Every structure is written in structure tokens, then in C-alpha cells.
Amino acid sequence: MNNAKMTPRQKMINMLYLVLTAILALNVSSEVLDAFKNVNDGISISNSSLQTKTASLYSQMDFQYQNDPVKAKYAYENSKRAHEVSSKLYNLLEQYKKEIIAEAGGIDAETGKIKRDDDVNVATLMFVEDGGKKGKELKAQIEATRAQLLTLVPEQERAGVEKSLSLKVDDPGAGNTWEYAKFNHVPVVAAVTLLNKYQNDLLGAENHVVETLYKSINDGRIVVDQMEAKIISPSNLIM
């Protein structure tokens, strides 16, 4: 996981997810399942914060475009495209989360937990069985979204932005496929948390791209945002 352009909260959440995944391989206790729920709740809060932050950037972008459509055209149009690309993957991840939760019996109204949060078959059947069709499609969509977002930033900024984007699919190694490594025989709550984390990575990537586009509007220009009258003597001597 790339920690660039992440808040301390995001870094902590990613680290906790890695630790819990490692523990999960040894023991699926109720404490571990509860810890996954806490991490998932933390990611949801972080997602809301990122959405608010990015919405503010879009508002500023709109203001710049209204003031100077010519200068802001490239950034404005590409930021709109970034939102479209990001929303497509975000909605797909949201759909998969809902499907997993529904297959696991839904949310318990009293506890707020997924009813069968320890079920290790739901994510396996959805993403790994049947040749891993859905898993492969999700991986391809994540890779395509990352590539599309990168094409929207100015070419001179692309290399730097690429290093900073946390949205990516890691090589599982050991001859495993990505979908097998991520979803095979994992409890429902862990699968939902993983999908939520990919939404977090996506929102962070969208924010970084839009922020880069916004900064490019005045790149190399001196911005005058305040003016003040000054009385300056034409001479050092006063008669």
C-alpha cells in the first residue's frame, strides 16, 4: 500500500487492515471479526471526509471556470471526467458490498453487525468460483480506473502523480491470482472491509488528481488576490 498523499488516519487504517489480515490467517475469533468491523467503520468515516474535501475542490474549480472559462477549461473538463471515472468504480464497489452483506443475511438491527460476518463462503463464491469472473472484472476495473485518472492530469505532472496514487492492485505472488489472494476463504466482514478500503483508495486518488488539476490553472502565474492603496513619495526629501 502506497502511503503517499494519505492522511495519518488513512495510514493507520491501512496498517490495521494488514495486521488484521495476518491475524486472520491464524485465527478467526470474534475479537478479530469485531476488529475488522471497527476498521471498516473507520474507513467509512475517512471516506466521508475525503468526499467532503473533494466536493470543496469541485466548488472552487467551478468558481475558477466561471471567472475565466478559457484559462480553466482544461482543468474543469478533466475534473468532471475524473468524477465520472471515479463514480463508476465507486458504485461498482458499493454494489458488491451490498451483495455480500445481503448474501450473509443483512445487518442485525440490534448489534449493527453483519449477521453472518464470519461466513467464509460468500466472498469465495462471488469472486473466486466460476473461474473468478467477478474478481477478474473488479481487478481490471481498478487498473483501468487508475490508468484513466492518470491520463487526466497534465503530462508534466503525470509521473509524480502516478507514484502517489494508492489505488492499485498488488501482485499476490506465490502463483496465486489476485482474486484468490484477496477473497478466497475470507470472512464476510473482511471482504466488505477490503472493498471499503478500495473505495478509500479511489477517493484519495480522485482527490489528488482534482487537486493537481486545480493547481495547474494558475501554474506559472502570479495570482493577485488582494489590492491595497499605498502613498509613495517620489523623493527621499520632503520640503
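1. Start with the contacts. In this predicted model, 75% of the protein's contacts with a separation of 6 or more are between residues 24 or more positions apart.

2. Going along the sequence, the pattern reads α-α-α-α-α-α-α-α.

3. Now burial and surface. The protein has 239 residues, and 43% of them are buried.

4. Next, have a look at the second largest pocket. Its volume is about 170 Å³, and 14 residues line it. If you want to find the spot quickly, centre your view on Asn40, Asp41, Ile107, Ile114 and Val192, the lining residues that lie nearest the pocket's centre.

5. Which elements give two or more residues to the lining of that second largest pocket? They are helix H2 (30–67), helix H3 (69–103) and helix H8 (188–217). H2 gives the most, with four residues.

6. By class, the second largest pocket is lined by five nonpolar, four polar and five charged residues. Among the central names from point 4, you can pick out Asp41 and Val192 when you check this on screen.

Methods
Residues numbered from 1 in each chain as written. Predicted model: local features only at pLDDT ≥ 70, side-chain atom pairs only at ≥ 80, totals over all residues. Heavy atoms only, no water. Buried < 20%, exposed > 50% of the residue type's maximum accessible area, 1.4 Å probe, protein only. Contact = heavy atoms within 4.5 Å. 1 Å grid on protein atoms, 1.4 Å probe; cavity = no way out; pocket = protein on both sides within 12 Å on 5 of 7 lines; lining within 4 Å. Points joined across faces, edges and corners; volume = space filled by probe spheres on them. Nonpolar A, V, L, I, M, F, W, Y, C, P; charged D, E, K, R; others polar.
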